[in-house]
Structure formats: C-alpha cells, structure tokens
Amino acid sequence: MIRVEVVQLLVSPAHRYAGRPADGPSAGPDDERVESVEVRRHLGLVGDRYYARPAHRDASVTLMAEENLPRDIAPSADLRHTRRNVLLRGVDVDALVGATVELDCGRGPVRFAVNRPARPCAWMDATLGPGAQRALRGKGGVRCTPLSDGVLTVGGATFRVVPADDDGPAGD
C-alpha cells in the first residue's frame, strides 16, 4: 500500500468534446471539478456522463497520473482539459492495465478493474496545445470499471494493487 494524493476529481454530466476539435467544446459548466464523488459498483461516478451507460461500463471511470500532464505544453493542465475523472499524484496508473486496484480516501477502499489505456485524441492538441496528443501517448490514463461502491475525495489517500487471489470485502 502506498500513500498517494487525489489531486482533482471531475464529474461531467455532458460529453463536451464531440465532433471536430476546431469547432471547440460543447457548452457546459466552466468547471466540473468536485471535492468528492460517489462511486457505484459497475455503474461509475454518480452524475457523470458515462454513469450507468451499458456501452461504457468497462470504462466508466478514468484514472490519470498528475506526473504525466504535459506541463511543458500547458502549465495549467488539469482534468478540465483531459476529461479524465481522477487525477492522482504518486502512482503510475498507466503501468497497471489488467490489474485490480484499490483507492481509499479515508471512507473505505473503492476497488477498480483497470481495463485498458485511455488513448489521447486530437482534442488534447486543442485543449492543451499543439503536441499534447503526442506527449500523452502511453500516458493518458486508464479506463476502469468500479468493482465496489464508495466515495472518493480530494486529498491524501492510500493506493494498492490487489493480489489476484484477494477477493476480500470490496471484491467482485
């Protein structure tokens, strides 16, 4: 188990980056970052655009490492630009595809299946700056399925990779 920080959480009720990047994002709130969010097993983040959508259940939550934000391109880069849900400091989530992980923000562990990479798209060049899509290749975060209910909050947390034979209380 390692200590990490949940730097930001983003819950977006609308899909804002649809169509061509040259047209700009769709209308929506200026800031969809939240201090806490309820996670529901196999459904996602309550209030998010992918919540309970069958086509997105294996990718309803996206974790990203803060260390991978292209700050050389966009010094103020954050979740508003990348459209990921959980920004973590202190763990290389991109290396964990295929693993099961737990994130505990102090209200009990929330378990996630890390299913696949979140590939950066052309929108990254539009929202962060030219070269951002390329800079995020292999470092754009991971798409996950929540395997337990819980609450995530901004601030200090613990993170662990769950051993394959551990189907403890948060198990699936």
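The questions that follow concern a core, a loop residue and a strand.

This is a predicted model, in which local features need pLDDT of at least 70 and side-chain atom pairs count only at pLDDT 80 or more, while totals for chains, interfaces and linings use all residues. Residues are numbered from 1 along each chain as its sequence is written, and side-chain values use heavy atoms, leaving out hydrogens and water.

Visitor: How many residues has the largest nonpolar core?

Guide: A nonpolar core is a set of buried Ala, Val, Leu, Ile, Met, Phe, Trp, Tyr and Cys residues joined through side-chain atoms within 4.5 Å. Those with the most contacts inside the largest one are V86, L103, F112, L152 and F159. The number of residues in this core is 27.

Visitor: Is C105 buried or exposed?

Guide: C105 lies in the loop between β7 and β8, strands being DSSP E runs of at least two residues, numbered from the N terminus. Leaving out residues up to four places away in sequence, C105 touches V6, V151, L152, T153, G156 and A157 (contact meaning heavy atoms within 4.5 Å). Its relative accessible area is 12%, and because buried means under 20%, exposed over 50% and partly exposed in between (1.4 Å probe, protein chains only), C105 is buried.

Visitor: Which residue in β11 is the bridge partner of V4?

Guide: Two strands pair if DSSP finds at least two bridges between them, and 5 bridges join β1 to β11, which run antiparallel. In β11, the partner of V4 is A157.

How values were computed
Helices (H or I, at least four residues) and strands (E, at least two) are DSSP runs, numbered from the N terminus.
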